2 protein chains.
Amino acid sequence: MDIAARQFRARGYAAVSLRDIATEAGMRTPSLYYHFPSKDDLVIAVMNRGITVVRKAVTAALAALPPETEAFARLGTAMRAHLRALHGLSDYTSANVRIFGQLPEALRRANLPERRAYQAIWADLLSPTCAGNPEVLAVRVPFVIGALNATLEWFDPARGDLDALADQLGRVLLTGLKEQGGQ
Amino acid sequence: MDIAARQFRARGYAAVSLRDIATEAGMRTPSLYYHFPSKDDLVIAVMNRGITVVRKAVTAALAALPPETEAFARLGTAMRAHLRALHGLSDYTSANVRIFGQLPEALRRANLPERRAYQAIWADLLSPTCAGNPEVLAVRVPFVIGALNATLEWFDPARGDLDALADQLGRVLLTGLKEQGGQ
DNA sequence: TTTTCTACCTAACGATAGGTAGAACACTTG
DNA sequence: CAAGTGTTCTACCTATCGTTAGGTAGAAAA
């Protein structure tokens, strides 16, 4: 599954064959079928773990905060944990974000329960920013998650500091582009 | 090309076969080779037009503004034009955003010049928000474009008002989540 | 009227995809 | 040691992929 996640992340769902995965695992293709009944099942397992990983990372980061931490500090912590899971923690979450849009609808649906559970965390976090207004919240939750996920397409953690990125994005999202110029 | 763009957008690069495109076009597969030398050339043509379309849309929207319009109003206008191109104007831009990450590196590289030209517009727009600081700019340009593009994965223009979305995202990006609660 | 071009066609190619059947190996347990 | 069980193997299948070869009807050009 580690190998599959890394390959899916790098080259996409349809472009990665079971032969590719088996070869890197030091196996023959049919041997994979002992562990997974089909390519679909394998990719679903990778996708679900991708959400589980980031959800646990964010939950743990929030749990480590002092209980009286204010809403915007909690939000910043969650953003940093999410970015860390995306860019460093494992290939599962990044594979999920990368290939979700490439999957046939049936496979996408199989990942939706996990995704909704994760979105619920962000709904709680973002609720104070819009006085609980459900229509605004319904836009802000996917917007913030989507904006963070989009960093996967342009940020290279090998060439930039991930914490600096988290700081800067946190500032922009919380206070907007309008305030403070540089630094 | 219209058909190819729509199918790429809906189902991804590798999942769309030349047979699929030809069938919808009312042709046999090899007939496509009269118009395009290969699948790669076809997809490159679609990708490049996708950026051209949104660049012209944004440029035109900015040109229609009074010349003395201040920086943040110009930014809001550009955001709205970008969202419109993504969600309504044509399938080329949305296909580009959807499948860029799925392409083999060689095809991605073929689209980079167009992309850089488009990013230059946003660098101009965003420069006033960070006093021209190049490091901050290098993060903010892909961040804003990425955040807008990510709406493709969750916003359905058939079920929500695109202008309302543009307004709300413009407010969040310009003034942040911290200010004004609801509405 | 002869030639060339445009826009398609049918037939088939080699490569590769996901998947199956069943034999062979490896390790634990009686 | 023999049996059983878990794991990987060889060999092969069918479907589909992008692509090529060679040809054809009709419009345009000479």
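Which hand does the crossing of helix 9 of chain A and helix 8 of chain B have, left or right? Select the two helices and look: the crossing is right-handed. Here a crossing is left-handed if the near helix is turned anticlockwise from the far one by less than a right angle, and right-handed if clockwise. Helices (H or I, at least four residues) and strands (E, at least two) are DSSP runs, numbered from the N terminus.

Before moving on, a note on the model and its labels. This is a predicted model, in which local features need pLDDT of at least 70 and side-chain atom pairs count only at pLDDT 80 or more, while totals for chains, interfaces and linings use all residues. Residues are numbered from 1 along each chain as its sequence is written, and chains are lettered from A and ligands numbered from 1 in the order in which they are written.

**Stop 1**

The axes of helix 9 of chain A and helix 8 of chain B come within 11 Å and cross at roughly 60 degrees; axes are lines fitted to C-alpha atoms, for helices over the stretch in contact, and angles run from 0 to 180 degrees between N-to-C directions. To see the contact, show A:Leu165, A:Gln168, A:Leu169 and A:Val172 on helix 9 of chain A, with B:Val136, B:Val139, B:Arg140 and B:Phe143 on helix 8 of chain B. Two residues are in contact if their C-beta atoms, placed from the backbone, lie within 7 Å. By class, this contact of helix 9 of chain A with helix 8 of chain B has six nonpolar, one polar and one charged residues. Ala, Val, Leu, Ile, Met, Phe, Trp, Tyr, Cys and Pro count as nonpolar, Asp, Glu, Lys and Arg as charged, and the others, Gly among them, as polar.

Now select helix 8 of chain A and helix 9 of chain B. They pack at an angle of about 60 degrees, with their axes 11 Å apart, and the crossing is right-handed. A:Val136, A:Val139, A:Arg140 and A:Phe143 of helix 8 of chain A meet B:Leu165, B:Gln168, B:Leu169 and B:Val172 of helix 9 of chain B.

**Stop 2: the wider interface**

Zoom out to both chains. In total, 35 residues of chain A are in contact with 35 residues of chain B. On the chain A side, helix 8 (134-150) and helix 9 (162-175) are the elements that give two or more residues, and helix 8 gives the most, with nine. That side divides into 18 nonpolar, 13 polar and four charged residues.

**Stop 3: helix 8 of chain B**

Select residues 134-150 of chain B. This helix has 17 residues and reaches 24 Å from its first C-alpha to its last, close to the 24 Å expected at 1.5 Å a residue (the expected span is 1.5 Å times one less than the number of residues). Why is helix 8 of chain B largely enclosed by the rest of the structure? Because twelve of its 17 residues are buried. A residue is buried if 20 or more other C-beta atoms lie within 10 Å of its own, exposed if 12 or fewer, and partly exposed in between, with C-beta atoms placed from the backbone. Among the buried ones are B:Val141, B:Ile145 and B:Leu148. The cover includes helix 8 and helix 9 of chain A, as well as helix 5 (71-89), helix 6 (91-99), helix 7 (105-126) and helix 9 (162-175) of chain B.

**Stop 4: the DNA strands**

Show DNA strand D and the 14 residues that surround it; the closest are A:Ser31, A:Tyr34, B:Ser17, B:Pro30 and B:Lys39. A residue is near a strand if its C-beta atom, placed from the backbone, lies within 6 Å of it. Helix 2 (18-24) and helix 4 (39-63) of chain B each supply at least two residues of this surface.

Helix 2 (18-25) and helix 4 (39-63) of chain A give two or more residues to the surface near DNA strand C, which has six nonpolar, four polar and four charged residues.

**Stop 5: two alanines in loops**

Finish at A:Ala131, in the loop between helix 7 (105-126) and helix 8 of chain A. A:Ala131 has a positive phi of about 50 degrees although it is not a glycine, and it is exposed, with 12 other C-beta atoms within 10 Å. In chain B, select B:Ala131, found in the loop between helix 7 and helix 8; phi there is near 50 degrees.
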